[in-house]
Amino acid sequence: MVHGGDLLARRHQAEGDDVTCVDVYGICPQSKKDELAAYDIRVADTTPAGRYDMTVMPKHCPRKFIGEAEPGEIVTFSQDVKGFIDDTRFRIEVTGVKGKTSACYLISKMLFDSGRTVLLHSSRGEGPWTAEGHHIERKVSIAPPYLMTLAAGNYDVVVCEVSLGGSGKADIACITNLVEDYGIAKNTFRASEAKRDVFTDRGTNIVLDSEREFWSQYCDGLIGYGGRVRVLSKPALGEGLRVSVDYDGVSEIVLDGSYIATEYIGAMDLALEVCHRMGVPREFVLGSLESFRGVPGRGEIIEEDGRKVVRERNPGISHISIGRTLECLEEMGALDGAMVLLDPVSRKVCDKLDRDQIEKVVADHGVPLVITRGDGERPEIPSDVRLLIEFVKEGYQ
C-alpha cells in the first residue's frame, strides 16, 4: 500500500484483474482503504493465504510479508510501472543515492533558460519551471508509480526525480551515483538492484563515469559523466566560487555565493551531460550556472538572528550527506564557532537516521551536535554560535 501501491492496484483492476492490497506496514489511512473498496479492491492487513498469479511489491519490501501465500510471478513496482506508463512526452528520469534533486533542478533550469517548457517532478513537489524557478503545485511522492500521474500539459520536457527505480521507458535515464550501496528489504537486496530499473531500453542511459563499469553488468552502451566542472578558487562561506566549465570549449565563470556550490559540482556535471545530449547551446548552459541559486533548503546560506545559517532540508539526510556538508564547510575554514542541529523528522521517509554514525561523523569534525526530539520544538541556540548548520530530514519519497 505504500509508495503508490494503490495506483498500481487500480490499474490492474481496470485491466480486469482480481486484486488484493496488503497494508504491510499498517500505516494506510482508512480513507484510502475505503476508496479502494469502492473499486472492488480488497485491502488486508496481512497477506491472505492462497495462490496468486502475480505479486507486485516495492523492491525494498521484505518478502517475509508474502507470508504463507503462493506469490506467483514477483515483479517490482518499477517493472509494473513499465508495463502501464503511456506518457509520450520527452521524459528525463533521475535516480541515485545523492544529488537527485539538485541535478533535476539544474537540468530544469538549463532547459527552461534555453526556451523549453519544463515540468519538474521532485522530492520538493511537482509543478512547472518558471522564470522565478520551480512553481510547486502539489506535494507528491517520487516513488515509481507516481510517474503514471504526472501533471497534464503540453510540456517540451518532463524532468522526474525517482526514488528506488524508474519506468525503464525514459528518453534519458540517469543515476547520479552509488555513494553507498546500502541494504534494502531487511538487507536482502542492495540499493543498486532497485536503481538499475531506471535504465531505459529506448533512450540514453547516463551514470557516473567512475561507476560505469559497475553499472555495465545491468546495461550496455552507458554514457559516463563527470569532470566538466573544475573548482579554480578556494571556497569561502557566502562568497562566489570560480570554476571552469568544459562544454563546447572551456570557459571560466563564477558561481553564486548564496549556497554551498562545492556540494553541487557532481549535479552540475550530470546536468551538463544531459544538456549536451539534448543539444542545448553553450551560452544558455553557462548563463544558467551563473544565475543558479541552489535548491531551496539544500545547502543554502542565510543570515538569521545575527548569525550565518547553513540549511539542509531533504529526505536524503544521512551520515554520508552530513559528512559531505561538514567537509565542504571545513574546506572553507568555517567550522570554528559552528554547531550542528539535527531534526530527525521522518515524514513518509523509509530510511531512518543512524544516530551512532552521525555522532561519529560530527565529532570527527570537532563540532557540537544537538538532536531535537522531532516534535517541531527548536532548542535555544547559544549566543556564541557563529554558524548554525541545520539538518532536517523530511520530504516525500
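**Close-up views of buried charged residues and cysteines**

View 1. Arginine 91 is buried, with a relative accessible area of 1% (buried means under 20% relative accessible area, with a 1.4 Å probe and protein chains only). In this predicted model, local features need pLDDT of at least 70 and side-chain atom pairs count only at pLDDT 80 or more, while totals for chains, interfaces and linings use all residues. Residues are numbered from 1 along each chain as its sequence is written, and side-chain values use heavy atoms, leaving out hydrogens and water. A salt bridge (a side-chain nitrogen of Lys or Arg within 4 Å of a carboxyl oxygen of Asp or Glu) joins arginine 91 to glutamate 93, at 2.8 Å from N to O. Glutamate 93 is also buried, at 0%.

**View 2. The salt bridge of glutamate 273 with arginine 228.** The closest N and O atoms of this pair are 3.1 Å apart. The two residues are 45 residues apart, with glutamate 273 in helix α7 and arginine 228 in the loop between β14 and β15 (helices, H or I of at least four residues, and strands, E of at least two, are DSSP runs numbered from the N terminus). Glutamate 273 is buried at 6% relative accessibility, and arginine 228 is buried at 14%.

View 3. The structure has zero disulfides (a disulfide is a pair of cysteine sulfur atoms within 2.5 Å). For cysteine 104, the nearest cysteine sulfur is that of cysteine 160, 7.7 Å away. For cysteine 328, the nearest is that of cysteine 104, at 20 Å. Cysteine 104 is buried, with a relative accessible area of 0%, and cysteine 328 is buried at 0%.

How values were computed: Buried means under 20% relative accessible area, exposed over 50%, partly exposed in between (1.4 Å probe, protein chains only).
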